Structures are given as structure tokens and as C-alpha cells.
Amino acid sequence: MPDAFISYSRQNIGFARLLKNAFDEQELDVWIDWQDIPPSADWLAEVYEAIENSDSFVFLISENSVVSDVCKLEIAHALKNHKRLIPVVVNEVEPDKVPEPLAAINWILFTEENQFTGSFQKLIESIQVDQDWVRQHTLLQRRALDWDKKNRPGSSLLRGQELKEAELFLAEAAGKDLQPTELQTTFILTSRQADVQRRRRISLAAGAGMVILFALAVMALVQRSEAVSTTNTRATAEVVALSEAHSRATAQAVARMEEHALATSQAILDDQYISAVARSLAARAETFTLEELDMGLLLAAEAVNVEDNDESRGALMNALTDAPYLQKFLVQDPVLITKTYALSPDASIFILVSNDAELLFFDTQTGNLVETVPAPHQPADWIGTPGHMRRAGVRFSQEGDRILTTAMDHSWYLWDLSERRPDPDPLNMLLDPGADIITVSDNFKVLAAEKDEEICFWEIDTGREFQCLQDYPDYYRFSNLSPDGTLFLTSNVEGEIQVWDTVTGSPLGEPYLMFNQENIKNALFSPDNTLLLATGSRMTHLWDLESGEKLTGANHEPFGSPTYKISFTQDSAAVLWDNYFKEIEATDLSNQTTIGGRVPYFPPPATISDFSFFVNPDQAVALTYRSFLAGTEIILWDMNNQFQIQRLLDNTQDVHVTTFHPTQSNLLAMAACSQPENPRTCAVDRIRIVQLTDPTTSIAELKHEGDDIDQIVFSPSGTLLALSDTSGLIQLWDWQDQELLEEFTSLSNTPAVLAFSPDGSLLAAGSSKTGASRIVLRHTGTGENIHELTIEDEVLFTLDFSEDGRTVAMAFGSQVAVWQPATSDELLFLNPVPGVEDYIALDYSPDGQYLAAGGENGLVVWDAETHEVISQPIPGQSSSLEIQSLTFSPDGSMIAAGNPSHYVSLWDPVSGRQFGPLLEGKTGQGTNAPTLVSFNADGTVLVSSTWRTEVSIWNFDRQAWTAIACSMANRSLTPEEWGTFMGDKPYEPVCE
């Protein structure tokens, strides 16, 4: 339920949006209607329901809202439902104009710019006062309304504990600012009356039963003598009756068995049908992902909703990773045909120009249409005449307070955004007859135009022509004004770019030369007027305007080759560019390094018409636009973050080993260098226990005096931690007290492999030397060796306890063996599986049902009890992938495996199928160092790490996958699409 409903006038949408963002930052749920449509029955019903479900009613008082008919309807409905009213003053209003119920309540003022923080805190406090009481009021009103709408059926009344709590609610209502509604009171009293009547009926039935029992007892005494005389006769009849009853019981039992068998068969068929639907959706999702990614995402999400199997999960992962930097589809309208777009400087709004001569204002974060404004002319596709190639038929000013549009007849119109209308006189009216505007500066102060075979400059505010170019070239390829209008550039086919002073009309220095006189595709000034960027047919060049120094040249190509489109960030610190309709990439100009990853043009082979680039404090975001015969598409990309699946854990450089705490999902142990500034020489000699939410702060830190730490394991309860180092030293720690409990050395003075028994009482330690292996089971409390075993001619790679603690499984390279130390000193070697060699990793499933082992050619899964092979890699599905570490997810539904090439693969343990893409982690320094993998306690996060590298965090919360897919698609399946893929199944939105 929302914490509050916000009622406002459309003229105050800016403040409403500011308030909504502030609530979002405080993680408070508020309901607000962004639709600018005339009231209708359906729309009003939705608004009324939102008011009923919200705990408080926040009303934005302004000159417009106090006279709004819609706002008056909303206030009336809030009063009807006894909602807490919180008046918020946006601008000064005469008190007598404020609706009476609001006029008598203390107002919260937001009329001064510097009081927002303090006033917003008061608003939060008003919402949260007596919040438990208010929430109970909302819940009871919702129940009462539902009961009333259904014509007050008895089945919807309160009973038991619910009724007692409701009556207590009525009893405590005195003195509360929110009083129960008449409907709530009627609902509770009717519930109590029904409960009393129900209890009375039960009592009457019980009394009547006692009378009947007494009468029957008297009759029994009278009839007893008669019964004795007929006993013999009845005895014979009873024998016959018992025989018949036995026959009937047998027939009924057979019928029940047949019914149960039928129900079981039907359940199996239902399960098979569900699986078939899920797999069909997954297959279709894979197909759509290649061409219509949003549809692929939604079908894959629904496939997982129907049944979470390897195919549906794999389809969803493939869709999420197909365009790894995709944030969301903002607009994907197959009908809307647009000419061009513009992005506001603060990146909050983008404008599409439709073929119907309308400007469509959209919110960048949601993709919602905020406003539609008719244009007084048919906007053109471009600003400027053909050949000058100044982008966009609509442009924002540098300050974001005005826009510029151009008509098909090349007339230019300047708009005041606050009034959403253009100046009635186009800019062309400022010019001499016959002058043709080329371009306008970003601050909308200066325009450049051609007249009488000259290029001249005008002040837009005054209409004054102030200069014309001297020595104007006869022919130029491309021209552009600097953002402040002080500089102008022209270029020619010989690859020369001349910069001019618009005040003096004189050239500034010698021309800037493109390498090898290449053909110029685009050229522009940086927003801060310090850089000149030009793209040619083979490469891109960057110059410092003050020094004239070329920052890139023939032997240095940070932007790729060739580049066609370019876009600066607002702070001039970075450039977004494309490598000629293949990919989009961002470059940091301070060090000419790539920001984040590359964004492919999507969907191939179509091209993106245009893009813009902007930088928030923590992320670089690109917005791409294209309009084509099938509609319009706007997509938001996060260049820095593959937020769908992977991120790097902060401050984890030079980590060697990682493992999650077994019971606390947020705790992670990492073996790392004490001196990461010397990565090649420092020892891996400390263990840091950190939280995923704050990896820079150690909860505990264990200092190890010895060689590099090679393995760390937690006890099943998570209270103990064991480590082994490369010299064979083994230590047992109470990590919370940071106390070393004991240490001992393995047989061979080589790295030991460790595993705790399920109850934590035993620590298994195994090591190998000169062809022999030794395994010790050591009591963690006393330090005594309980069992020892030596195996000749075998090299031990890893071991693990079964879930019942009776069996220890071991991988010896060519073989996998199991040992039951309580009953035998002999090993049982499992039958070899053709095609799989060099087992070096194994793990029991959490439920103890399966044993999985990985090696050079994939993995094998056995039944842990019978040791029969359950599955092994299907040929052709990365079966040659070398596996050096593996782990089951906590629910046992998947196996994650790491290999020396820093990849993580995912497997279904039952089918043996690999699903989803290979997950690429960070590359470590060690040669053939294994990629270690570990799931957290609830299976929502997987970490992978390689020798002295950063830790990769993989999101494995499948509910989060679905939410991310919905966020990326930014919509749900329509009822028509649902019918196409789900047939007659009732429509359910894939994305809420």
C-alpha cells in the first residue's frame, strides 16, 4: 500500500516530480498520476482506488489546484474515506480560496527555495505519525469497501483474531486524528453480529443433541429385553451384513486407488503441460532476442514464471546478456513515426517531433509521455540547409530553458519552454531578404547565415548583424558555431578546418589539417569552447583550441576508425562516438581510455539515426534514437555497468580466494594481499571478512603468518574458519573473536584441501606427496585425529563430505572415490565415465541427492546413494570446457563451474545441459589459475575470483532477473501479445 497519495494540478507537475524524486530517495512509496487526460469513469475509478489504498492524502496547494475540478473530486473522496489530509503549499494562495477541510489544517510551506529540505522533513514526519494506526485504518477501510462492493456477503466478514483486532481498533479510536468511517463501523459491528449468531446456532445444535441422546437412552432400556430374544437371529444377519460391507469397502478402496491413480496421472500431465509451455516460451524468447529484444526479454521472463527450468532460465540469461549495457527501452512505438529528437541539457526530458507537427515531451527515466504540444508549422528533419548537416529539427538551448525548431521552408522558430509556445515571428525575420540561416549557437545568442555569397553573423536578441567573414572560402564542406557563438568553423574537401572569430570576422591561425586530407564527416566545438573534434573517413582528430596542438593523430586512434557520429558530454570531459554503424563507444578525454563497454547497434542490421551522451555523478549514459517505417525507438544505455548480471566488488584488487559465509548471505571471506600496492611481491597473508554492501570495511581481519593462503572454508554453522597455505600449514580460527584455535601441518608440506563435516565436528584435510595421498579427519574441539587414510599412487585434488556426514568423496584426477570412515578403510572408486578426464573439482548437492565432479572435458553427476550416472555433458554444449572448481546452488537447481580462462559456466544437474552464456570474470595473474566460485546462503549471489584479481559479483536472484528484464523492456506483454503466445490462458501482466 502506498504511504501517500499526491493530489496536484498539472501546472505544478515540475514540483510534483521533484517531490516524487525526494520520496523515492527516502524509499517511501507514493502514488501520483502523471496522465494528462480528461476525467473518465475508468480513470477516476483508478484514482479513487489509489486514494483508498493510500495511508495519507498530500494536497499541493497552488492557484491552479484550488480551482481544479479534478482536485476537488480527489479531496472529496479522501474525506469520504477519512484519510489523513496533509496540505503542502507550493505557491501563495488566498486562504479563503482553499477548500474548507484543508484550510483548517496546519500547512507545510514550500514557497521558499531554501526551505525544501526542512519542509520535506516535516512532510515525512506528518506521514509517519502514528503510522501503524493509520495503516490499520487503511486496511480496514479496504476490507470494508470490498465487502460493500460485493453486496455485503457473509463470507467477506471478519472472524476470529481479525475481528478481535478490528474491535480493539474501534475501542482505541478515541483521541485519534483519524476516526473510523461509518462503513468501517458497520462492517465491524455486522461481523460481530454474524459471529454471535453463528455461536448461538452452534449452542442450540449442541443442546438439541443432548435432548435427543437422553430420549434414545430411555428407548434403549425399553427395547433391551426385546433385543435379547432376537440376538441369535440378528447374529446370522450381521455375519451376512459384514460380508457385504467388506465387499463394498474393498470396491470403494479399489475405486479410491483408481481415482488416486487418475489424479496422479492428471498431475503428471499437468506438470508436463506446464513444462512444455515454459520450454516453448523459452524457445520463442531465444528467437525474438535476436531481432526484438524487448519481446525476447518478456517471453523469457514469463517462461521462468511458468516454470523455472534450465531452458527458461537460460533463455532469460541470454536475453539479459544479449545487449549487456541496455538499461531500458524508453519508447518503442510501431506506429509513431517521428522526424528527430532533442535531449535537454540535464537529460531529464527528450522531445520527439512527430510527422503530425507535434512536439512530444517524454520523461527520460520512465519513458512516459508527459506532454504533447502542437507546432505552428511542419517541423523539418534537420536544422540547416542540406550540406551544412547541423543535427536535429529541434534543439534545446545550453541552459535548457528554450528550444529551437525549423520548418520545412527553412524558417527557424524560438520557443519559451515555460509557456510551451514559439515566438510568432521566425528568426528569419531578423535577416536581410535572401539570407539563409546555416546554424545557431547553443546559447541561442548568435546565428550564422549566408547572404550574397558571404557568411554573416547576427545577434538573435537584437536582430543586429555584427560581422561577416573576411576571405570567405568559395566552397566549404561543413560549418558550425561554437556553443557561445564566438567561434565559427568551416571545412573543405581537402581536409582543412578553419576556425574564425565571429566578432572580427578574421581566421584564427592556420587551418587544422586532417590526416592525409581525408574527407570530413563531422566537426564540432566542445561545450566549454576548449576543444575541436572532427571525424574523417579514416579516423577522428582532437585539437586543443588554445595551443592548436593535435591531441590525436595518424599514429593514435582512441576513437576507432572510421567514426561517423560524435557527441560531447555537457562537461566536455568525454566523447561518445560510433565506429561507422557497428558500435557506440565512450572515451574519457583526460586519458583517452574507454568508459565502460561498447554498445552494439540494436537490433542488427538496422542503424541508429542519432545519439546523445550525458554523465551522471556515477554513470555514463547514452540515449539512442531511430525512426523508421516500422515506428520510433528510443533506448537508454548505461555505458559503465552491466547491471543486469555482473559487477565488480569494490576494493578487492589482488584477491586470491573468496567464499561466502554459509548462513549469512551478506558475508564474504576473502584471502588477499596485505600490501596490494606491491602486487607481484606481496604475500596473500590475510583474510578479510566483509559485507557485500560495504566491502571496503572489514568486519574481522585474520593475519596469517606463513606462505600464501591457498584455501579457506567456513564450518556449516559459520562460527569457525579453516585455511591452508601453499606450504601445507592448516589453521583453525574463531573468526568473530579473531582467535587462532589451532594449527597443524599436512603430511606432505604441500597445499592441503579442506572440508568440514555437516555438524562441524570434523575437519577433513587431505594432501599428496610423491604419488601418495593422506586424508585426516580431525576433531575441531579436541584437535585429535579421529580417522586417517593413506592412498598409494593417487594424487588428491579435492574432497567433500556428504550431507549426512557418513561419506567423504574425493577427486584423484583420473578417478572419483567415496569413503565411509565409520565402517571401512577401503575406498569405493566410481565407474569411469567415457570422455571425462582429470577430475579436480567436486561437490555434494545441498540435499545430499547428487555428487558432481568436474574435469578436463566437463562434468558428471552421480546419484549420491547408488552411484549411478545421472547426467553428463551433452556433446556439442561446451563439453570440452575445462572445469577446475564447481559448486551447487543452495536449492540444488544449478551447478556453477569455473575454469582457468576466468569463465564461469552454468549447468543443470539432472539434464546435464549447459544453459545461459559463459560468464566472463576478471583475468588473474597466475598461469592456469582456477576461477573459484561460491554461492551465498540464499543463492541470489555468486562470486568468482582468480589469483590476484578483482572479485566478480554475479546476480542470481531469479526474481531480480525478471524485474530487470521488465525494467529493460520497460513494458509488459499486451493482451494481444499474450493471446498469441499463451492461447486461452487468462491474461496476467508479466511485469507488474
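The model is a predicted one.

Two packed helices are described by the angle between their axes and the distance between the axes. On the side of α1, the contact is made by Phe15, Leu18, Leu19, Ala22 and Phe23, which meet Phe116, Phe120, Leu123 and Ile127 of α5. Sorted by class, the contact of α1 with α5 comprises nine nonpolar residues, with no polar and no charged ones.

A second pair is formed by helix α11, residues 310-322, and helix α12, residues 958-969. The axes of α11 and α12 come within 11 Å, and the crossing angle is roughly 45°. At that angle, α11 is oblique to α12. The handedness of the crossing between α11 and α12 is left-handed. Here Arg313, Leu316, Met317 and Leu320 of α11 are in contact with Arg958, Trp961, Thr962, Ile964, Ala965 and Met968 of α12. The contact of α11 with α12 includes seven nonpolar residues, together with one polar and two charged residues.

Attention now turns to charged side chains. Side chains of opposite charge can pair when their charged atoms come close. The structure holds 33 salt bridges, and several may be examined individually.

One of them involves Arg958, a residue of helix α12 that also takes part in the contact with α11. Arg958 is paired with Asp891, and the closest N and O atoms of the two side chains are 3.5 Å apart. The partners belong to distant parts of the chain, 67 residues apart: Asp891 lies in the loop between β54 (885-888) and β55 (895-898), whereas Arg958 lies in α12. Elsewhere, salt bridges with shared partners join Glu52, Arg142, Asp146 and Lys149 into one network.

Another salt bridge connects Lys451 with Asp432, with 2.8 Å between the closest N and O atoms. Lys451 is located in strand β16, residues 446-451, and Asp432 in the loop between β14 (421-422) and β15 (436-440); the pair links distant parts of the chain, 19 residues apart. Lys451 counts as buried because its relative accessibility is 13%. Asp432, with a relative accessible area of 33%, is partly exposed.

A further salt bridge is found between the side chains of Lys445 and Asp461, at 3.4 Å from N to O. Lys445 occupies the loop between β15 and β16, and Asp461 the loop between β17 (454-459) and β18 (465-468). These partners are 16 residues apart, and the pair likewise links distant parts of the chain. The relative accessibility of Lys445 is 40%, so Lys445 counts as partly exposed. Asp461 is exposed, with a relative accessible area of 54%.

Terms used:
Residues numbered from 1 in each chain as written. Predicted model: local features only at pLDDT ≥ 70, side-chain atom pairs only at ≥ 80, totals over all residues. Heavy atoms only, no water. Axes fitted to C-alpha atoms, helices over the stretch in contact; angles between N-to-C directions. Helix = DSSP H or I, 4+ residues; strand = E, 2+ residues; numbered from the N terminus. Parallel < 35°, antiparallel > 145°, perpendicular 65-115°, else oblique. Left-handed = near helix turned anticlockwise from the far one by under 90°. Contact = heavy atoms within 4.5 Å. Nonpolar A, V, L, I, M, F, W, Y, C, P; charged D, E, K, R; others polar. Salt bridge = Lys/Arg side-chain N within 4 Å of Asp/Glu carboxyl O. Buried < 20%, exposed > 50% of the residue type's maximum accessible area, 1.4 Å probe, protein only.
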